[in-house]
Amino acid sequence: MIKERLSVQAFEAYASEPENRERALEFINGEIYDMVCDWNSSEIGAEILGLLRTYIRKHKLGLITGADGGYRVNDERYIPDCAFVKQSRLIPNFTGSWYP
């Protein structure tokens, strides 16, 4: 049996429904994943973020975000524990849900 893949538009509509707005949803290869963190993964993510943030700020390399930052990569959507955007790719005053 072949599972039907969702479109990006269907995912974004689903993710924006009131009952899903507080959920950490990722969209990978046409499938929705509910990202659930635990204490250990949160601690590791915080440690990595802290170390990277110090270095990135010191050298003015760009921006780093934590687990609440959503990213758009082609037709997929990710919510990484920690992510970096280099200075030349920053969008001034960005307010969207999924950083391009």
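Arg77 is placed in strand 5, where strands (E, at least two residues) and helices (H or I, at least four) are DSSP runs numbered from the N terminus. The model is a predicted one, in which local features need pLDDT of at least 70 and side-chain atom pairs count only at pLDDT 80 or more, while totals for chains, interfaces and linings use all residues. Residues are numbered from 1 along each chain as its sequence is written, and side-chain values use heavy atoms, with hydrogens and water left out.

With a relative accessibility of 5%, Arg77 counts as buried; here buried means under 20% relative accessible area, exposed means over 50%, and partly exposed is in between, with a 1.4 Å probe and protein chains only. Beyond its neighbours within four places in sequence, Arg77 is in contact with Val8, Phe11, Glu12, Glu26, Phe27, Ile28, Tyr71, Arg72 and Trp98, contact being defined as heavy atoms within 4.5 Å. A polar atom of the Arg77 side chain also lies 3.4 Å from the backbone oxygen of Asn74.

The term stands for a side-chain nitrogen of Lys or Arg within 4 Å of a carboxyl oxygen of Asp or Glu. The side chains of Arg77 and Glu12 meet in such a bridge, at 2.9 Å from N to O. Because Arg77 lies in strand 5 (residues 76–78) and Glu12 in helix 1, the pair ties together parts that are 65 residues apart in sequence.

A second salt bridge joins the side chains of Glu31 and Arg5, with an N to O distance of 2.1 Å. Since Glu31 lies in strand 2 (residues 31–34) and Arg5 in the segment before helix 1 (8–15), this pair ties together parts that are 26 residues apart in sequence. Arg5 has a relative accessibility of 42% and therefore counts as partly exposed.

Asp34 and Arg23 also form a salt bridge, their closest N and O atoms being 2.8 Å apart. This pair links distant parts of the chain, with Asp34 in strand 2 and Arg23 in the loop between helix 1 and strand 1 (25–28), 11 residues apart. Asp34 is partly exposed, with a relative accessible area of 40%, and Arg23 likewise counts as partly exposed, at 32%.

The loop between helix 1 and strand 1 also holds Asn20. At 3% relative accessibility, Asn20 counts as buried, and, not counting residues up to four places away in sequence, Asn20 touches Tyr14, Ala15 and Leu25.

Strand 1 is the place of Phe27, a residue that is buried with a relative accessible area of 2%. Leaving aside neighbours within four places in sequence, its contacts are Leu6, Ser7, Val8, Phe11, Ile32, Asp75, Glu76 and Arg77. By contrast, the C-alpha atoms of Phe27 and Gln87, 60 residues apart along the chain, are separated by 26 Å.

A pair of aromatic rings is described by the distance of the centres and the angle of the planes. Rings of Phe, Tyr and Trp (its six-membered ring) pair if their centres lie within 6.5 Å, and planes under 30 degrees apart count as stacked, over 60 as edge-to-face and the rest as tilted. The structure holds four aromatic pairs. In one of them, the rings of Phe11 and Phe27 have their centres 4.9 Å apart and their planes at 20°, so the pair is stacked. As Phe11 lies in helix 1 and Phe27 in strand 1, the pair ties together parts that are 16 residues apart in sequence, and both Phe11 and Phe27 are buried. Another pair, Phe94 and Tyr99, is edge-to-face, at 4.7 Å centre to centre and with 70° between the planes. Within that pair, Phe94 counts as partly exposed at 32% relative accessibility, whereas Tyr99 is buried, with a relative accessible area of 8%. Phe11, Phe27 and Trp98 form one aromatic cluster, and Arg77 is in contact with each of these three residues.

Methods
A polar contact is a pair of N or O atoms within 3.5 Å; within protein, one must be able to donate a hydrogen and the other to accept it, and residues adjacent in sequence count only if both atoms are side-chain atoms.
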